[in-house]
Amino acid sequence: MNQFQYVRPAKPKAAIEARVKDQNSQFIAGGTNLLDLMKRGVMNPERLIDISRLPLDKLERQGNTFRIGSMALNATVADDKQVLEKLPLLAQALNAGASAQLRNMATIGGNMLQRTRCPYFYDTALPCNKREPGSGCGALEGYNRMHAIFGFSDKCIAVHPSDMSVALVALDATVLVSGPKGDRRIPFAELHRLPGDIPQKDTTLEPGELITAVEVPEGPFTKNVHYLKVRERASYAFALVSVAAALQLENNVIKDARLAMGGVAHKPWRLTEAEKSLVGKPATEATFQAAAEIAMRGAKAFKHNAFKLKLGPNAIVQALKNATNVA
Amino acid sequence: MADEISDSKPENEERSHDAARRNFLKQSSVLTALALTPGPVVQAAAAEWDEKIAAPFEKVPLKLAVNGKSYKLSVEPRVTLLDLLREQMHLTGTKKGCDYGQCGACTVHIDGKRVNSCLVLAVMQDGREITTIEGLAKGDDLHPMQEAFIKNDGFQCGYCTPGQIMSAVACIREGKANSETEIKEFMSGNICRCGAYPNIVSAIQEVKNGGQKV
Ligand SMILES: Cc1cc2nc3c(=O)[nH]c(=O)nc-3n(C[C@H](O)[C@H](O)[C@H](O)COP(=O)(O)OP(=O)(O)OC[C@H]3O[C@@H](n4cnc5c(N)ncnc54)[C@H](O)[C@@H]3O)c2cc1C
Ligand code: SF4
Ligand code: FES
Ligand code: FES
């Protein structure tokens with residue numbers, strides 16, 4: 001790991017200032033992604049700004065909204081009784097990510113800003129437009145088993161690795177941000193970007209912006225939910241494909257539906273058209289099959305990830321079945 | 001001065017430079033005096049970034065309670081908790097496996113929570129309580145989980161064992177040892193190359209069902 005300067009400001013404002021003054025600095029929260037990348041030489045900040053002790057770790061319920069501080073730990077949120085009761089989809093997605101040790105270190109803010117696990121991004125000997133703009137994309141013609149089937153560009157075909165983010169986009173969360181120009185709110189679906197011509201930019205955050213919290217509305221999705229993660233091993237691996245499914249049922253008829261996928265795009269992928277197709281229909285396998293077909297429209301595979309075109313719809317149907325106990 | 005020092009600093013590659021790095025760490029009390037470039041630190045203090053500041057090569061004071069004893073240490077910003085424990089404090093019970101958060105060999109408890117010490121910066125832990133495998137036993141009495149691992153043949157080569165035991169204790173304390181499936185899921189961050197998993201699960205179940213305080 002390169003040498004770096006370390007500062008630990010006491011207040012968010014000072015942290016933001018420190019970040020703005022030095023483009024070559026990074027916030028560090030749990031450090032589970034940043035230190036990993038620094039050890040491999042993928043990121044080489046000259047200054048780390050420790051935000052882990054900022055007073056941003058509260059988990060509160062205000063009216064019908066959960067407000068989760070960005071420094072809250074993944075494990076704390078996943079184990080919270082009220083989260084388990086009211087936002088079970090979020091708890092399931094959090095528990096599907098990483099290991100118990102890592103969830104004790106990983107913060108909510110850091111989890112959504114973790115960087116892609118594309119192996120070419122991680123290997124500094126190989127070309128990667130995200131790591132080194134203009135150097136090319138090793139995955140495009142390379143071993144692209146993990147890579148995107150939606151929303152990619154010819155500059156980058158990486159996927160976003162966070163499980164939690166798939167649940168948050170399905171639950172219509174909002175990200176609260178403080179920056180040099182003040183505070184703003186970003187709908188979760190607009191936090192992450194598609195790669196386009198600037199794949200080095202993962203999100204719509206401006207330089208120096210600090211995520212302070214995420215707000216999640218308590219929806220009607222408390223009973224019929226499921227986060228399904230398909231991975232190479234039974235546990236502790238990143239998703240090849242994941243599905244967050246949440247339904248509101250009345251007499252087995254779908255009143256409202258949420259569907260999102262992970263492991264398929266540069267951002268958590270909300271399936272709005274498929275959601276619409278579910279509403280008003282009975283919760284049956286045929287309904288789920290039809291929705292899965294709609295969800296996969298426009299998907300395009302590369303040499304090594306064609307299996308995702310089949311795995312995707314199967315995972316959607318299975319997640320919906322698990323959510324509703326349809327056999 | 002500062003240039004000379006950055007020339008002599010080890011390369012960024014892993015492993016092959018470990019030895020160089022250890023040497024470097026040994027020499028660093030000498031280097032500290034040379035490397036102290038107060039510039040950025042003074043700047044940072046002036047900007048009220050406050051609390052704790054360290055220049056790249058500077059060793060900063062750090063207070064830690066490790067296995068019930070208080071220590072006053074000094075570390076460079078980039079030293080991980082794992083390296084501090086093993087190289088500076090000579091607590092080598094905690095193992096380095098992957099060094100990237102993937103194997104669990106380096107599991108310790110910080111303020112009672114299990115974490116991978118290879119992905120933790122020591123400077124960030126100021127004032128915290130660390131428990132390592134060396135701190136589990138009470139004198140000559142092994143911790144119940146250590147006893148259970150021995151009794152159930154929970155290890156073969158033993159390399160992953162300290163991390164497994166630290167994780168196993170945490171798993172019970174967290175209330176995540178209620179079934180075999182749950183134990184497997186919540187122990188999945190600890191990899192054992194020898195495949196001692198079934199016996200590890202038995203050891204955990206024995207301690208859990210025995211109702212001993214862990
Ligand atoms: C072996 C391994 C397996 C894993 N498996 C999974 C998995 O299956 N699923 C999954 O979802 N994740 C997985 N992870 C990733 C893990 O969840 C993330 O590393 C973690 O959530 C990041 O949180 P952190 O607080 O440690 O972030 P850090 O490493 O501290 O920060 C990550 C990035 O976010 C920035 N940042 C952090 N907080 C803020 C903030 N509040 N405002 C602005 N910027 C901020 C940092 O500057 C940095 O660039 C795995 C990680 C490892 C090492
Ligand atoms: S897919 Fe994106 S992250 Fe991976 S090599 Fe190509 S540019 Fe880099
Ligand atoms: S050495 Fe820390 S997890 Fe492998
Ligand atoms: S006993 Fe050898 S690695 Fe687990």
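Axes are lines fitted to C-alpha atoms, for helices over the stretch in contact, and angles run from 0 to 180 degrees between N-to-C directions. Helices (H or I, at least four residues) and strands (E, at least two) are DSSP runs, numbered from the N terminus. This is a predicted model, in which local features need pLDDT of at least 70 and side-chain atom pairs count only at pLDDT 80 or more, while totals for chains, interfaces and linings use all residues. Residues are numbered from 1 along each chain as its sequence is written, chains are lettered from A and ligands numbered from 1 in the order in which they are written, and side-chain values use heavy atoms, with hydrogens and water left out.

**View 1. Helices α6 and α8 of chain B.** The axes of α6(B) (residues 161-173) and α8(B) (residues 197-210) come within 10 Å and cross at roughly 40°. The two helices are therefore oblique to each other; angles under 35 degrees count as roughly parallel, over 145 as roughly antiparallel, 65 to 115 as roughly perpendicular and the rest as oblique. Their crossing is right-handed. In the contact (heavy atoms within 4.5 Å), α6(B) contributes B:Q164, B:A168 and B:I172, and α8(B) contributes B:Y197, B:I200, B:I204, B:V207 and B:K208. By class, six of these residues are nonpolar, one is polar and one is charged. Ala, Val, Leu, Ile, Met, Phe, Trp, Tyr, Cys and Pro count as nonpolar, Asp, Glu, Lys and Arg as charged, and the others, Gly among them, as polar.

**View 2. Helices α5 and α8 of chain B.** The axes of α5(B) (residues 144-151) and α8(B) come within 8 Å, with a crossing of roughly 135°. That makes α5(B) oblique to α8(B). The crossing of α5(B) and α8(B) is right-handed. B:P144, B:M145, B:A148, B:F149 and B:K151 of α5(B) meet B:I200, B:A203, B:I204, B:E206 and B:V207 of α8(B). This contact has eight nonpolar, no polar and two charged residues.

**View 3. A sheet with strands from chains A and B.** Four strands form an open sheet with mixed pairing, in the order β2(A)-β3(A)-β1(A)-β1(B). Its edge strands, each pairing on one side only, are β2 (25-28) of chain A and β1 (52-54) of chain B. From one strand to the next, the twist averages 20°. Two strands pair if DSSP finds at least two bridges between them.

**View 4. Strands β1 and β3 of chain A, with helix α1.** Strands β1(A) (residues 5-8) and β3(A) (residues 47-50) run parallel and are joined by three bridges. A:V7 stands opposite A:I49 in β3(A). Helix α1(A) (residues 12-21) lies across β2(A) and β3(A), running at about 150° to β2(A).

Conventions:
A crossing is left-handed if the near helix is turned anticlockwise from the far one by less than a right angle, and right-handed if clockwise.
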